[in-house]
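Dear colleague,

I am passing on a structure that you have not worked with before, and I would be grateful if you could look it over alongside the notes below.

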Amino acid sequence: MVKIRTRYAPSPTGRMHVGNLRTALYEFLIAKHEGGDFLLRIEDTDQERYVEGATEIIYRTLEKTGLIHDEGPDKDKGYGPYVQSERQKAGIYMEYAKKLIDKGEAYYCFCDQERLATLVQEVDDGNGGKKEISFYDKHCLHLSKEEVEKNLAEGKPFVIRQNNPTEGTTTFHDELYGDVTVENKELDDMILIKSDGFPTYNFANVVDDHLMEITHVVRGNEYISSSPKYNRLYEAFGWEVPKYIHCPLITDEDHHKLSKRSGHSSFEDLIEQGFLTEAVVNFVALLGWSPEDNNEIMSLDDLIRKFDYHRISKSPAVFDFTKLKWMNGEYLKAMDEDKFFELAKPYLEKAVTNKNLDLKKIAAMVKTRIEIFPDIEGMVDFFNELPSYDTAIYAHKKMKTNEETSLEVLKEVLPILEAHEDYTNDSLYELLSGYIKEKGYKNGYVLWPVRIAVTGKEMTPCGATEAMEVLGKEETINRIKKGIELLEK
C-alpha cells in the first residue's frame with residue numbers, strides 16, 4: 001500500500017477564501033482518514049499577486065481550524081524547500097524544463113509581445129458574445145539549435161513552452177467525473193517557465209507534486225478543462241499521475257460564484273462576524289460532500305472518521321448563510337457554560353456597560369437563543385437602560401391583556417414588589433404567583449405587562465422575574481413606575 005500524501009498549496013494573496021479552506025479541509029481529511037501525511041506548500045511564484053502578511057494568515061487559519069500539517073516550510077521532512085520561490089532559486093523548475101527540452105517535449109520561445117498580439121483571435125464565448133483567445137502557432141519550435149543558442153548567448157528574453165501534439169486525443173481521469181478526453185488540437189503550447197525565470201502555476205504544480213510524492217490532489221472543477229495538459233506533462237516525464245478530485249463550484253444563494261462582495265467569502269470574515277471556528281469547519285465540509293449517515297453536526301474527528309471523497313457531489317454547492325447560522329447556534333447550545341461566557345463576554349460588555357449587573361446570568365439567558373455572538377447586543381441592551389417603547393405592545397390577544405388591564409396590574413404589583421426584599425428569580429416568581437393565584441388570573445395576564453415594563457420589549461431572552469433579578473430592586477421599581485406613567489398618559 002502506498003502511503004497517502006496530500007498537499008494544500010495556497011498562494012499568499014490575502015485572506016483564505018471559503019473555497020480554499022474547503023480544498024485544505026478535503027486534502028487534510030483524505031490524508032488523515034487513511035493515516036497519511038498532509039503537506040503545506042506555499043505557491044508564491046505569482047509575484048504580482050503576492051500580499052505581505054498573507055503567509056502568516058495561512059498558518060494562522062490552518063492552526064485555528066485544526067488542519068495541522070505534517071510537513072511544510074516549518075517542518076521539513078526531506079522534501080523541501082516547501083516554498084516555490086525558494087525552489088525556483090534552487091533551479092528545480094529550470095532543471096526539469098530543460099529535461100523536457102532535451103526530450104523534445106518543450107522548447108524555447110523568443111516571440112515578443114508584438115508578434116504574440118497578432119495571434120489573438122475572436123471566438124464565441126458560448127453566451128451569445130465574443131471573447132479573445134491567444135493560441136500559439138509553434139513558431140519557435142522550428143528554430144534551429146544554432147538559432148536557439150545564438151538567441152540565448154545574446155541574452156534575448158525567452159519563455160519555455162510545452163510542446164503539445166496537434167493530432168489525436170488526450171484523456172484525463174478524475175475520481176469523480178471519470179475520463180475527460182480532449183482533442184490535442186485544442187491544447188495550446190502553454191508556458192512552463194515565464195520570462196522572469198519563474199515557473200507557471202501548472203508546471204510548478206506537476207513538478208512539485210511528483211517530487212513530494214503527492215498521491216491525491218483536490219482542486220475546484222473550474223480547472224478540469226485544463227487538466228489534460230497535466231497528463232501531457234506527466235507522460236512527457238514518464239511519471240505516475242496522482243489521483244485528481246475536482247470539487248463543485250461554491251455559489252451564493254442566487255447561484256452566482258461566491259465572491260468577496262458577499263461579505264462572508266473568507267474564513268476571517270466569518271470569524272469577525274461572530275461564528276465559531278468549529279461550526280465554520282463543519283459547514284464548509286458539507287459544501288459539496290455529505291456523510292453516509294446524513295448527520296450534519298460533526299467534529300473534526302468525526303469528519304476524519306467519516307470522510308469518503310467518493311461522496312463528493314458534482315453539483316454546485318450553495319453557501320446557505322441561514323444554515324450556517326443555525327449550525328453555529330447548535331454549537332453554542334452544546335458549549336460548556338464557562339467557555340460560552342468567556343467568548344460572549346466582549347459582546348456582553350459592549351451591550352451592557354453597567355458594571356453592577358451580573359453578566360454571567362445574562363450570558364446564561366442568551367446561550368440557547370442566539371445563533372451568532374453579535375445577536376447578543378440587540379437581545380440584552382434593555383439591561384443597560386430601558387428603551388423607549390410604544391405602550392401598544394402591552395396589548396396581547398393570547399394573554400388577554402391591553403393597555404388598560406396592564407395599568408391595573410402594574411399598579412397592584414408595585415406595592416407588593418416595593419415591600420419585597422429578596423430579588424432572586426425563585427423568590428420573585430413565588431411572590432407574583434401568589435398574587436396571580438389570589439386574583440384568579442392566568443400567568444400571562446400578569447407576567448406579560450410586568451416583563452414589558454421592566455424590559456421595554458416584546459421579545460426578550462428571559463422571563464419577567466429573571467430580568468428583575470439581574471436589574472435588582474431599585475431599577476425594577478423605577479421601571480414599573482415608568483410603565484405606569486406611560487400607560488396613564
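This is a predicted model: local features need pLDDT of at least 70, side-chain atom pairs count only at pLDDT 80 or more; totals for chains, interfaces and linings use all residues.

I began with α17, which covers residues 425–439, and which, with its 15 residues, reaches 21 Å from its first C-alpha to its last, close to the 21 Å expected at 1.5 Å a residue. Helix α17 packs with α18, residues 443–455, at an angle of about 130 degrees, and the axes of the two helices are 9 Å apart. Since angles over 145 degrees count as roughly antiparallel and those from 65 to 115 as roughly perpendicular, the two helices, at about 130 degrees, are therefore oblique to each other. The crossing of α17 and α18 is right-handed.

Which residues bring the two helices together? On the α17 side they are Tyr429, Leu432, Tyr435 and Ile436, and these meet Asn443, Val446 and Leu447 in α18. Sorted by class, this contact of α17 with α18 has six nonpolar residues and one polar residue, with no charged residues.

Just after α17 comes Gly440, which takes a positive phi of about 75 degrees.

Backbone features elsewhere

A positive phi is also found in His255, where the value is near 65 degrees and the residue is other than glycine. His255 lies in the loop between β12, residues 250–251, and α9, residues 267–272, and with a relative accessible area of 58% His255 is exposed.

Lys400, again a residue other than glycine, has a positive phi near 60 degrees, and its place is the loop between α15, residues 375–380, and α16. Is Lys400 buried or exposed? With a relative accessible area of 66%, Lys400 is exposed, because a value over 50% counts as such.

Finally, the peptide bond from Gly80 to Pro81 is cis, with omega near -5 degrees, and Pro81 is found in the loop between α2, residues 54–65, and α3, residues 84–89.

With kind regards

How values were computed
Residues are numbered from 1 along each chain as its sequence is written. Side-chain values use heavy atoms; hydrogens and water are left out. Axes are lines fitted to C-alpha atoms, for helices over the stretch in contact, and angles run from 0 to 180 degrees between N-to-C directions. Helices (H or I, at least four residues) and strands (E, at least two) are DSSP runs, numbered from the N terminus. Angles under 35 degrees count as roughly parallel, over 145 as roughly antiparallel, 65 to 115 as roughly perpendicular and the rest as oblique. A crossing is left-handed if the near helix is turned anticlockwise from the far one by less than a right angle, and right-handed if clockwise. Contact means heavy atoms within 4.5 Å. Ala, Val, Leu, Ile, Met, Phe, Trp, Tyr, Cys and Pro count as nonpolar, Asp, Glu, Lys and Arg as charged, and the others, Gly among them, as polar. The expected span of a helix is 1.5 Å times one less than its number of residues. Buried means under 20% relative accessible area, exposed over 50%, partly exposed in between (1.4 Å probe, protein chains only).
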